[in-house]
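The report below is meant for someone meeting this structure for the first time. It goes from the overall fold to single residues.

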Amino acid sequence: MMFFPKGGIDRVYLGTDTILNRCPACEADKEVDILVSVCYFHMYYIPIFPTAKEVTLICSKCDLKRADLPFSDKYIKTYNEIKQFYKYPIYLYTGTVIITFAILLLAWSIVK
Ligand SMILES: [Zn+2]
């Protein structure tokens, strides 16, 4: 029987909001719905660490949808005001904490 590590990238949604942002189709500042998500690496469905924060922008006037853009000030005018509401969830580091404790426990058992 072969052993294949089961891991990959998954996504969790952080939240939605409506902000005033520039729409490239309307070429004006319009109300834009945003959906912020985080991609994370997992092994056996245990999150190891986040890999990217992305945003989907939907213009309320022309319904232009721009998906999977990087969550940065390049695409969001009010990025510095809203970034504090969309932080990486701490549970996405669960696997990193487990691996760190396993290494520390192993090192402690060798030193003891
Ligand atoms: Zn638009």
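This is a predicted model: local features need pLDDT of at least 70, side-chain atom pairs count only at pLDDT 80 or more; totals for chains, interfaces and linings use all residues.

Residues are numbered from 1 along each chain as its sequence is written.

**Overall fold**

The protein chain contains 2 helices and 4 strands, where helices (H or I, at least four residues) and strands (E, at least two) are DSSP runs numbered from the N terminus. Along the sequence these elements follow the pattern β-β-β-β-α-α. The radius of gyration of the protein chain, 19 Å, is well over the 13 Å that the globule rule gives for 112 residues, so the chain is more spread out than a compact globule; this radius is taken over C-alpha atoms, and the rule is 2.2 Å times the number of residues to the power 0.38. The C-alpha trace spans about 65 × 35 × 20 Å along its principal axes. Buried residues make up 11% of the 112 residues, a residue being buried if 20 or more other C-beta atoms lie within 10 Å of its own, exposed if 12 or fewer, and partly exposed in between, with C-beta atoms placed from the backbone.

**Sheet and helix**

The 4 strands form an open sheet in the order 1-2-3-4 with antiparallel pairing, and two strands are said to pair if DSSP finds at least two bridges between them. Strand 1 and strand 4 (65-70) stand at the edges with a single partner strand each, so one side of each has no neighbour in the sheet. Strand 1 and strand 2 run antiparallel and are joined by 16 bridges; Arg22 stands opposite Asp29 in strand 2. Helix 2 packs on the sheet, where it touches strand 2 and strand 3, and its direction makes about 165° with that of strand 3. Such angles run from 0 to 180 degrees between N-to-C directions, with axes fitted to C-alpha atoms, for helices over the stretch in contact. Of the 18 residues of helix 2, the number buried is 1, so this helix lies largely in the open.

**Core**

The largest nonpolar core has 8 residues, namely Cys23, Val32, Ile34, Val55, Leu57, Cys59, Phe71 and Ile76; such a core is a set of buried Ala, Val, Leu, Ile, Met, Phe, Trp, Tyr and Cys residues joined through C-beta atoms within 7 Å. The largest share of this core, 3 residues, comes from strand 3. Leu57 lies in strand 3 and is buried, with 20 other C-beta atoms within 10 Å. Leaving aside neighbours within four places in sequence, Leu57 is in contact with residues including Val32, Ile34 and Tyr75, contact meaning that the C-beta atoms of two residues, placed from the backbone, lie within 7 Å.

Most residues other than glycine have a negative phi.
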